[in-house]
Amino acid sequence: MNVHPIFVHFPIALLTLYSVLEMAYFKQIRRLPYIFYTKAILVIAGTMGAFVALQTGELAEHTFSGVDMRTLIHVHSNWATYTTIIYGILSASYLVAWLNTS
């Protein structure tokens, strides 16, 4: 059974919402005392979910066959890895900043 689609959508939603909040440069939003923690929770939880999605994707990769599918899966896997690494770095920086404020 391919469980990869189940685990993919939740991190996508969290990381998209984090990105929207990060790009929303309104003074009213930036002044909120909890916005840092909201963004930190979104990016950390989204990244943890992305790691799970990446692992289930590796498992699902072996169920597909065919030359055309292999190329598509390889590109898809590369982009998923790059995305997870980038958001992982962001998560680590938010985690360090959060620990320094405590």
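**View 1. Residue I29 in helix α2 of a predicted model.** At 23% relative accessibility, I29 counts as partly exposed, a class that lies between buried (under 20% relative accessible area) and exposed (over 50%), as judged with a 1.4 Å probe and protein chains only. I29 sits in helix α2, which covers residues 27–30; helices here are DSSP runs of H or I with at least four residues, strands are runs of E with at least two, and both are numbered from the N terminus. When residues up to four places away in sequence are not counted, I29 touches A24 and I35, where contact means heavy atoms within 4.5 Å. Because this is a predicted model, local features need pLDDT of at least 70 and side-chain atom pairs count only at pLDDT 80 or more, whereas totals for chains, interfaces and linings use all residues. Residues are numbered from 1 along each chain as its sequence is written, and side-chain values use heavy atoms, with hydrogens and water left out.

**View 2. The whole chain, for orientation.** The secondary structure of the protein comes to four helices and zero strands, and read along the sequence the pattern is α-α-α-α. The radius of gyration is 16 Å, well over the 13 Å that the globule rule gives for 102 residues, so the protein is more spread out than a compact globule; this radius is taken over C-alpha atoms, and the rule is 2.2 Å times the number of residues to the power 0.38. Along its principal axes, the C-alpha trace spans about 55 × 25 × 20 Å. Buried residues make up 28% of the 102 residues, and the accessible surface comes to about 7200 Å², of which 74% belongs to carbon and sulfur atoms. Such areas come from the Shrake-Rupley method with a 1.4 Å probe, and for residues only the protein chains shown count as cover. Among contacts between residues at least 6 apart in sequence, 79% join residues at least 24 apart.

**View 3. The largest nonpolar core.** This core has 12 residues, namely L14, L15, Y18, L21, I35, A40, L42, V43, I44, A50, Y87 and Y94. Helices α1 (4–23), α3 (35–61) and α4 each supply at least two residues of the core, and the largest share, six residues, comes from α3. A nonpolar core is a set of buried Ala, Val, Leu, Ile, Met, Phe, Trp, Tyr and Cys residues joined through side-chain atoms within 4.5 Å. One of the core residues, A50, touches P11, L15 and T84, not counting residues up to four places away in sequence.

**View 4. The salt bridge between K39 and E22.** The structure holds one salt bridge, and in this pair of K39 and E22 the closest N and O atoms are 3.3 Å apart. K39 lies in helix α3 and E22 in helix α1, so the pair ties together parts that are 17 residues apart in sequence. K39 is buried, with a relative accessible area of 5%, whereas E22 is partly exposed, with a relative accessible area of 30%. A salt bridge is a side-chain nitrogen of Lys or Arg within 4 Å of a carboxyl oxygen of Asp or Glu.

View 5. T56 has its place in helix α3 and, at 11% relative accessibility, counts as buried. Leaving out residues up to four places away in sequence, T56 touches V3, H4 and F7. N2 is found in the segment before α1 and is partly exposed, with a relative accessible area of 34%. Apart from neighbours within four places in sequence, N2 is in contact with A60 and F64. The C-alpha atoms of N2 and A50, which are 48 residues apart along the chain, are separated by 16 Å.

**View 6. A nonpolar patch on the surface.** V75, W79, Y82 and I86 form this patch, with about 450 Å² of accessible area together. Patches are made of residues with over 30% relative accessible area and no salt bridge, like charges being joined within 9 Å and nonpolar side chains (Val, Leu, Ile, Met, Phe, Trp, Tyr) within 5 Å. Y82 lies in helix α4, residues 67–101, and is partly exposed, with a relative accessible area of 45%.
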